[in-house]
Amino acid sequence: MKKKVAYIIDDEIVAIKRLERLLGLLAPNWEIKTFTMGKEFLHNFKSEPADILFIDIEMPEMSGFELLAALEGDQRRPITVFVTGHAQYAIKAIKESVFDYLVKPVDYDELKATIHRIEQQFLTPAINEKIDLQAKLSQSEKNILKLIAVGMSSKEIAQHLSISPNTVNTHRN
């Protein structure tokens, strides 16, 4: 599987370093690149697209919303997470269809949940595509296969679907 590329765009070096350190712990398989200015990021993005963006909103040269607008129409628009010290922009961010909105200082558990949802976002289309190719499987088998693909054990699947572990194992086989 291709390594995910995440860009952090923030004018505060301390905020970049903290988020970079947390991402290193929570998503060690991601490649992290950092930028302190939106225009610098946009120039780089043309030749090196990203999968995920962590963008500050209030920056001197270009706001996070302006940066997002500059990406409008680009077929490669990455998953975008706003990371800001300003909670008042949350509604506007929702209207811009950002994936998530984190308030600084970023909480470890909130970031962990965001990363998990991002990983699911990348995983789900690939899983569904492969499962649809397996037309011989029953719907129950497909449901169990999806849960196996996201790393659940037979016991966890049984609890999640309210069935016995033996039923799960039968479908697995």
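Let's start with a helix pair: α7 (residues 154-161) and α8 (residues 165-172) have axes that come within 8 Å and cross at roughly 115 degrees. Here axes are lines fitted to C-alpha atoms, for helices over the stretch in contact, and angles run from 0 to 180 degrees between N-to-C directions. That angle makes α7 roughly perpendicular to α8, a label covering 65 to 115 degrees. On the α7 side, Ser154, Ile157 and Ala158 make the contact, and on the α8 side Pro165, Val168, Asn169 and Arg172; contact means heavy atoms within 4.5 Å.

This is a predicted model, in which local features need pLDDT of at least 70, side-chain atom pairs count only at pLDDT 80 or more, and totals for chains, interfaces and linings use all residues. Residues are numbered from 1 along each chain as its sequence is written, and side-chain values use heavy atoms, with hydrogens and water left out.

Now to the sheet. Five strands form an open sheet with parallel pairing, in the order β2-β1-β3-β4-β5. Strands (E, at least two residues) and helices (H or I, at least four) are DSSP runs, numbered from the N terminus, and two strands pair if DSSP finds at least two bridges between them. At the edges, β2 (31-35) and β5 (100-103) each pair on one side only. From one strand to the next, the twist averages 20 degrees. Strands β1 (residues 5-9) and β3 (residues 52-55) pair over four bridges, and Tyr7 has Leu53 as its bridge partner in β3.

Two helices pack on this sheet:

| Helix | Strands touched | Angle between directions |
|---|---|---|
| α1 (residues 13-26) | β1, β2, β3 and β4 (79-84) | about 175 degrees with β2 |
| α2 (residues 38-47) | β1, β2 and β3 | about 160 degrees with β1 |

Note on methods
Parallel < 35°, antiparallel > 145°, perpendicular 65-115°, else oblique.
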